[in-house]
Amino acid sequence: MRKRGLKNLLSSMHKNLNKVILKHPKDAFISQEHLRNEWGKFNYINEPDYIKAQNEFEQFLAIIREHVAEIEFLPASETVGLDSLYAHDPVKFTKNGAIILKSGKKLRQPEAEAYKQFLLEQKIPIVGELTGEAMADGGDLVWLDDQTLLIGRGYRTNDEAIRQIKEMTKDMVEECIVVQLPHDQGEEECLHLMSFISIVDENLAVVYSRLMPVFLRQLLIKRGFQLIEVPDEEYHRLGCNVLALAPRVCVMVSGNPSTKEQLLAAGATVYEYEGNEISYLGTGGPTCLTCPVARG
């Protein structure tokens, strides 16, 4: 399955973003009535406003369009729920193509098949998919660099998934590093590896150190990373969820002034969008809203 002209498939979190997959809230949220019936089941903080959500997304999309040449949109589907807005989690891209995952949140598991069909239709390469008892979310897989893949082991990603992902990526990476995630707020709350680390350049990462294992923090420092430390109150407003559009060019949810100031001081360009309805209420920032396909 090869798509003509599809180059520089992903093995980075920070290089120039060339192709991305998104889902519009009109196709994930469907209607205000649908939101009213579903938001509690999906563990949202509150009921999102359907119109405001679309306006926020258009603001976010305008930033993406400035920097990304190719944008694909997942279609509406009756088989998936509200969380399908967060296009990052059902798959993870490698330099050879996509790995189809299976979410540790059972309500999200149907997204994998819908995503697979979309990729097949788009002729985007698929290198494998999780089988059996394996469960993983894309938010638990972080490219530290071209040859190093971090995998978070928590409530959304289990040991069997880690074993299968290691097997699928063995010819692409030199090292898979398993990061044990804390219990934090419990099984019902979503804590991904990407909840407390966002890589915005080859040597710059936004982190919430209070949740970070000591070995990982030491590893980043050893590898020469400058760490942007997110304060407690901004962590809870998705301040640690920062999407790199290019090295030191990034987008984040507005209302996180300390994190923004630190990024600016580190020479980064920072774009912001209002994300109360599409990000905070579902607790998914810009990295969750986007599935990067190709960087280079």
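These are my notebook entries on what I looked up in the structure above.

**Ground rules.** I am working with a predicted model, in which local features need pLDDT of at least 70 and side-chain atom pairs count only at pLDDT 80 or more, while totals for chains, interfaces and linings use all residues. I number residues from 1 along each chain as its sequence is written, and side-chain values use heavy atoms, with hydrogens and water left out.

**Overall form.** I began with the secondary structure and found 10 helices and 15 strands in the protein; helices (H or I, at least four residues) and strands (E, at least two) are DSSP runs, numbered from the N terminus. The C-alpha trace spans about 50 × 45 × 40 Å along its principal axes. I then checked the radius of gyration, which is taken over C-alpha atoms, against a globule rule of 2.2 Å times the number of residues to the power 0.38: a compact globule of 296 residues would have a value near 19 Å, and the protein has 17 Å, which agrees.

I noted that 57% of the 296 residues count as buried, where buried means under 20% relative accessible area, exposed over 50% and partly exposed in between, with a 1.4 Å probe and protein chains only. The protein exposes about 12,500 Å², of which carbon and sulfur atoms supply 46%; the areas come from the Shrake-Rupley method with a 1.4 Å probe, and for residues only the protein chains shown count as cover. For contacts, meaning heavy atoms within 4.5 Å, I recorded that among those between residues at least 6 apart in sequence, 70% join residues at least 24 apart.

**Nonpolar cores.** I took a nonpolar core to be a set of buried Ala, Val, Leu, Ile, Met, Phe, Trp, Tyr and Cys residues joined through side-chain atoms within 4.5 Å. In soluble globular proteins, nonpolar side chains tend to be buried together. The largest core here has 52 residues, and Leu193, Phe196, Ile197 and Leu263 touch the most other members.

**Aromatic pairs.** I paired rings of Phe, Tyr and Trp (its six-membered ring) if their centres lie within 6.5 Å, with planes under 30 degrees apart called stacked, over 60 edge-to-face and the rest tilted. By this rule I count 4 aromatic pairs. Phe29 is buried at 0% relative accessibility, and Tyr44 is buried at 5%.

Phe57 and Phe60 form a tilted pair, 6.1 Å centre to centre and with 55° between the planes. Both lie in helix 3, 3 residues apart, about one turn of the helix, and both are buried. Ring pairs link Phe57, Phe60 and Tyr273 into a cluster.

**Around Tyr280 and Leu238.** I call a charge over a ring if NZ of Lys or CZ of Arg is within 6 Å of the ring centre and within 35 degrees of the ring normal; the charged end of Arg237 sits over the ring of Tyr280, 3.9 Å from its centre. Leu238 lies in the loop between helix 7 (232-235) and strand 12 (243-246), and at 9% relative accessibility Leu238 counts as buried. Not counting residues up to four places away in sequence, Leu238 touches Val253, Asn256, Ser279, Tyr280, Thr283, Gly284 and Gly285.

**Loop residues.** Which phi value did I find for Asn43? Phi of Asn43 is near 65°, a positive value in a residue other than glycine; Asn43 is found in the loop between helix 2 and helix 3 and is partly exposed at 38% relative accessibility. Lys123, in the loop between helix 4 (110-122) and strand 5 (126-129), has a positive phi near 55° and is exposed, with a relative accessible area of 52%.

Asp49 is found in the loop between helix 2 (32-38) and helix 3 (50-67), and at 28% relative accessibility Asp49 counts as partly exposed. Leaving aside neighbours within four places in sequence, I found Asp49 in contact with Gln32 and Glu277.
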